[in-house]
Amino acid sequence: MGRVTITIDGHPIEVEEGSFVLTATRQLGIDIPTLCHFPYMQPYAACRLCVVEARDGKGWSKIVTACNYPAWEGLIIRTDSDRVLDGRRLNLEMLMSRCARLPVLEELAAQLGIDKPRWGYGEDTCVLCGLCVRVCDEIVGAHAICFTNRGIFREVSTPFNLDSDSCILCGACAMVCPTGHIQMEEVVRPEIGHPDLQLGPNAAISVPTRQAVPNVPRINPDYCIHFKTGGCGICSSVCEKDAINYEDEDAFDEIEVGSVVLATGFKGFDARRIAPYGYGRYPNVYTSLEIEQMINASSPTGGQIVLRDGFVPKSIGIIHCVGSRDEHTNRYCSRVCCMYSLKLAHLVKERTGGEVFNFYIDMRTPGKGYEEFYDKLLKEGVHFIRGRAAEVTEWAMTPEEEGRLVIRAEDTLIGTVRRIPVDMVILSVGLEPQADAEEVGRLFNISCSKEGWFLERHPKLAPVSTFTDGIFLAGACQGPKDIPDSVAQGGAAAAEALVLADRGYVELEPITAYIDEDTCSGCKTCVAMCPFSAISFKVETGKSETNEALCKGCGTCVAACPSGAAQQHLFTDEEIYEEIEGVLTYV
Amino acid sequence: MYEDRPNASSGPFEPKIVAFFCSWCTYTAADLAGTSRMAYAPNVRVVRLMCSGRLDPQFVLKAFRDGADGVLIGGCHPGDCHYQEGNHKALRRYHLLKRLLRAMGIEEERLRLEWISASEGDRVQSTINDMTDQIRKLGPLQLEPIPAPAPHADAVEVELKPLPVGGVR
Amino acid sequence: MSQTITIDPITRLEGHGKIDILLDDHGEVEHAYFQVPELRGFEQFAEGRPAEDMPQITSRICGVCPTAHHMASSKALDDLYHVAPPASARKIRELIYSLFFVEDHALHFFFLGGPDFVVGPTAPKAERNILGVLGKVGLDIGKEVIGLRKQLRDLISLAGGKVIHPVMGLPGGVSKSLAEEDQAKYIAAAERAVKFGQFSLEVFNDIVLKNPKYVETILSDIYTHRTYYMGLVDDNNRVNFYDGAVRVVTPEGEEYAKFRGQDYLNHVAEHVEEWSYVKFCYLKNVGWTGFEDGAASGIYCVAPLARLNAADGMATPLAQEAYDQFFATLGGKPVHYTLANHWARLIELLYAAERSLELAKDPDIIDPNVRTLPTATPHEGIGVVEAPRGTLFHHYETDPQGVIKRANLIVATQNNAARIALSVDKAAHGVISKGKVDDGILNLVEMAFRAYDPCHGCATHALPGQMPLIVRVYDARRELVEEVRRD
Amino acid sequence: MSKPKIGFYWCASCGGCEEAVVDLAEDILKVVEAVDIVFWPVALDIKKSDVEAMADGAIAACFINGAIRTSEQEEMAHLLRRKSQAVIAFGSCAHTGGIPGLANLYEREALLRRVYDESPSTVNEAGTRPQLETEVPGGVLTLPEFYDSVKTLAQTIDVDYYLPGCPPPVKLIVEAVTALLEGKLPAKGSVLAPNIAMCDECPRKESKPEKVLVTEFKRPHQIIADPEKCLLDQGLLCMGPVTRSGCGAACVSGNMPCTGCMGPTEGIQDYGGKALSTFASCATAIEEDDVSKVMDGIVDPAGTFYRYSLPASFLHRRVRHNGNGGSRP
């Protein structure tokens, strides 16, 4: 089809021949009211509000619906002639007298200057625009809703008015419904603390987490209509780069590497483990990470600090050392909590203007500018109460505590127990090793500390190396540390890895096993011993021999060798006998 | 530092324990115990092996022969072996060796195997203290001395003089 | 002036024996004691060992007759596990055992006991040995002895892995079947052995029986004791080495008892003396009445002479002939002349040779199926065989895992211990007077002893060790007045 | 000029070693031609006094078999040491203690009790025990005393060479005597047998799989062993891998597992400890209780691994215990 030129209200515009007039008017920014129109769906011309006047300039003219009238060469359109407006008013008036007072209709009436329909109002809330039916058919593909009955009894419903099995609860019908005739009940309530993403409703297509790498959206098949019904596909039709690939699947790639940097990070302490703080029990007790999310400008709350009910808290309590420095959970200090708590205190105060109370054991602010930041907060009027919070409770003792959360804590500076009523409690959770640290450690043949942090080869001399050559550590997987430290360690680990890559060869410890040709009887006992297949039996010689490059020097084969033919450099039987004599003879 | 050596003076019986520690786990743990300033009984003398799988039962017997009252073997926890399964080998030998020692009239408690990971410095401490007490109660292991003959007077120059005779065949 | 003569130990026997001869003031023999000064206690350290290892462990009781212990032990294991070896295995065992008998008896006659007769009781000591024998009978024959012995022993190794301390014995059979191609070797060897057996008897005829002086010695009273005799016999009461019932005859030659090895405890008992480590066996139901012979004393005799006395004949033709000649010459059954053991031994040698020939030809011995796997839970097992030096009992008690809890061993020479003591005493009385002792005389004493071919390795399950003969004559104050040495 | 003087002597042995010498058969005559046997009690009447009369070191080489159990044997050993340039410990008993060395698992008293009191066939209400000295009419009878433990020859006198085996294989005896006559003996203290384990000469070597892993230890009477396949691979405790070669795999050719009479190769100080290590390592069990189950398949570790070498082992004998659980020499 070629291009044609049409004129709308005197503005010429070139459009695809046969494309609909409404599209052209929208391009020109000319507003034409519609109720039954939705892009990506076939025009339906049910509401008749988009009527315009079509002319050929030779005297012919006709009232048509813009949403489905095709463009042809020389077509002239008037969108605001009295004739057009009268038609719209009449159509709207008829809709109004069919329905109850609906905001959407009232608005249009106001625009078209109708104060009330001359035939009075009806009760219906549906304008029979058919959007719901069509979205369910054309886009969702669930075919769950349809029109039933005829004439004045026509209405939108599910077949036989029964709950439909084919409905996938996607909510598309409710979304497109112009009048709110269709309501969703309890399907996806946008709720703070969603399992997938701490905050906000989840979209079927979204960027998994902020600072995600790579930072691109991904489709969550659990929510995507396309994966449910094969329908929709709107995202692919709007994506100009056409980067949407529904066929893409999870895949495992094997990559040969010379060294590995482990940066598996940490796991936030599960605040539920400290019942008295009421996390999971009281809706307005949050973990620091949730607040971190909420406070982010791109969060559903747009960075506003709000309670579950959407109100802004007037006073906030921040409890430090949750899951740190605690006999019952973790004895170690998580090291980063003090500073991030201070940061949160600062931001929360800034955003809410409320009173912020910090409950701390000791304020640990080592490092550049940290202590200064603490001072700053003191000046800002953030409250600091020295003492571990005992509990968070709803049980009010005074009227002002009514309906609020009360933090009980001993103020060790003034030596009394205090009750601080707050609207919101933030728990500064500590850092813990990943749940699967043990397995990962095993996988890479490195060991974990008692707490489960990966063990470095030497705390001072080899802080990023491990006991296994070529395996390095970076970040919190090795122990609690803040971002600067993690970055620094990451750099160090990368450098260590580069050293190996650059050198191009590996140095073996000189502790490998060897087999004396002459005394080896070829009994093969050693062969089965070696977990690294470094020993093989040579049929030609009838003896076993070691491959020193593969040998890791455990010496198991040496201990098993029945004739002492196998020995280990630096750990020969003789040497060990001597050592035993040595350790036993000095007395 | 020499005074606190066990048996240094003819005081009450102080057991001598030889410990064979795997370099990756127990030996590191012993280091940790040290750097963590955990004091433990000075009765143990540690021999470092790369892996408990290197432990040849001969070493244990040799230690007993040379005056040890007890022998402690330390390795990585099962599944944690730096060399995958050296500690399993050690376990098998340990089981059989224990039965051998029983037959030889040596008390169970004198040989002990403990899985101690690199991070368990405290267990090195408790294990050593515990074992030392146990053996102090048992008393010294006194093996029959092995008779050693005086070397033959002219053993030194007994490089047998070649005999001026043809061979048998 | 009382004196003590010590013969310590007697040479040319396997094992360690010691004779003390006490003289009274007139230099007449007051009493002569036969002592065995050693003990090993296999019964004790068998405890805790796996039963199936006993055939190999007990064979270390004696390196001269390891095969005997090996067989007795294997039979005890059959009994322990209630399992019967297949015919093939049973025959292989007996074949090997018979071959062993041939070479062992040959060893004794030509190397140990023989010289006394072949060379002569009072011949110069330097000649009273194998080399002397060779001098007398000629080097070729010496070579034949050595050659045959080697051939037989190689064949024992072929089946038993080793000839000294074989390994073939297992409960329910033997560890290895015989290869078809090897059967011929066994037949050949057995035939050679039969010839050798006949030849040896001729040698005995020519050199001993044709020499009245020797015959007189054999018949002389100082080498005679009237005792009970014990030996293993087959269903027809003929001599058998490997299997059968234990038969005991009285000094008059009537059957006194016949019992299964399993019942040995009802018939055999051991007596302990302070002056010897060996225990002295006697017939339980007759009782221990001290060192005296006769029907009233439980003392009995085993080994070749006893076996011939205890049986009604030999199971093979040639041996049967010799058997008849034996009793005809020596005046009917039973023969009480200790020195007749040498002759009896050669008759047994011939029997063993003939028997091995029979078995070697038997098709069963190359049957590949040589084991019946035991299934029963072990508890107690007893095995008995005739060792060259007499009846041999092995008795084990185990836990359900087949680990030995208690072991009891009554060994060939031990049965003879009491009678040997009698013989030594009597011989000493007979040959020594006025305190006059010299080498020849002492040898006459030893002969009484050596005739039994005693093996004190066995007797005490002791470690044999030999010391040259020393005779010391002490006065009453036990100061050495004279010393005669015959190392 | 005179032929070199050779001596044979037996201490606490079963006589098998003597038989082994006799088994040289024709070779023995060659030996007799080549050397002058000056002492061999089992076969020759030669005086101890002659030996005493000899100049020290007059005997070129003396082959002593048997372990040392009595003072008598010890004296004799010392005498022969004096008279001999070279002493060769002949056979397992002299070398490592041998099977009688198993007696070191028990107390002498227990041994006497078992023999003279507990034996079912012994009638001894009086509880008579052999005495070192017994008064009898006209004199006193004496018996030598036994050491409480069995000693090896090297634990008694200085030994120059060892000829292992129970009994030593004829082939090795011949080689030793030849080397002796040709003056080609190795360094003092050597074992006159190949310093390589038996698997090397085992006819079944080929049949051994690349990885020998034993899931269950069998006992010889429990299975009918395949006469071709490696016995260890069939689950039998074959000591071949731990044991010196030189016997031509005699026991294995008898289709029975090696029991280790040839003793260990040079590197090994404690035969039993090493054997234990080897076989425990071959087991496959992982879980603690599986491990103990598999290991219990070896019913008698001490008696099996120290079958011939208990006196020569690090522990030497069973520890004697006093009441309080402590142990006393």
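**Figure 1. Chain B and its fold.** Of the 169 residues in chain B, 59% are buried, where buried means under 20% relative accessible area, exposed over 50% and partly exposed in between, computed with a 1.4 Å probe on protein chains only. The structure is a predicted model, in which local features need pLDDT of at least 70 and side-chain atom pairs count only at pLDDT 80 or more, while totals for chains, interfaces and linings use all residues; side-chain values use heavy atoms, with hydrogens and water left out. Residues are numbered from 1 along each chain as its sequence is written, and chains are lettered from A and ligands numbered from 1 in the order in which they are written. Along the sequence, the elements of chain B follow the pattern β-α-β-α-β-α-β-α. Among the contacts in chain B with a separation of 6 or more, 78% come from residues 24 or more positions apart, a contact being heavy atoms within 4.5 Å.

**Figure 2. Contacts between chains.** Chains C and D share the most contacts of the 4 pairs of chains in contact. Chain A and chain C are joined by no contact, and their closest C-alpha atoms lie 21 Å apart. Chain B and chain C likewise have no contact, with their closest C-alpha atoms 9 Å apart.

**Figure 3. The interface of chain D and chain C.** In this interface, 85 residues of chain D are in contact with 97 residues of chain C. The buried area is about 7,900 Å², with carbon and sulfur atoms giving 60% of it; buried area is the accessible area (1.4 Å probe) that two parts lose on being put together, summed over both. The rule finds 34 residue pairs in polar contact across the interface, both residues being at pLDDT 80 or more. A polar contact is a pair of N or O atoms within 3.5 Å; within protein, one must be able to donate a hydrogen and the other to accept it, and residues adjacent in sequence count only if both atoms are side-chain atoms. Helix H6 (residues 108-118) of chain D gives the most to the side of chain D that touches chain C, with 7 residues. That side of chain D comprises 48 nonpolar, 23 polar and 14 charged residues. In this classification, Ala, Val, Leu, Ile, Met, Phe, Trp, Tyr, Cys and Pro count as nonpolar, Asp, Glu, Lys and Arg as charged, and the others, Gly among them, as polar.

**Figure 4. Salt bridges across the interface and within chain D.** Side chains of opposite charge can pair when their charged atoms come close. A salt bridge is a side-chain nitrogen of Lys or Arg within 4 Å of a carboxyl oxygen of Asp or Glu. The rule finds 8 salt bridges across the interface of chain D and chain C. Glu52(C) forms a salt bridge with Arg219(D), with the closest N and O atoms 2.7 Å apart. Within chain D, Arg114(D) and Glu118(D) meet through their side chains in a salt bridge (2.9 Å, N to O). These two residues are 4 residues apart in helix H6 of chain D, and are thus separated by about one helical turn. Arg114(D) is buried at a relative accessible area of 8%, whereas Glu118(D) is partly exposed at 30%. Salt bridges that share partners also join Glu144(B), Glu107(D), Arg108(D), Asp148(D), Arg317(D) and Arg320(D) into one network.

Figure 5. Over all chains, a search of the whole structure finds 93 salt bridges. In chain A, the side chains of Glu16(A) and Arg3(A) form one of 3.1 Å, N to O. Glu16(A) lies in strand E2 (residues 11-16) and Arg3(A) in strand E1 (residues 3-8), so the pair ties together parts of chain A that are 13 residues apart in sequence. In chain C, Arg247(C) and Asp312(C) meet in a salt bridge of 2.8 Å, N to O. Arg247(C) belongs to strand E7 (residues 245-249) and Asp312(C) to the loop between helix H10 (304-310) and helix H11 (317-329), so this pair ties together parts of chain C that are 65 residues apart in sequence. Arg247(C) is buried at 8% relative accessibility, and Asp312(C) is partly exposed at 42%.
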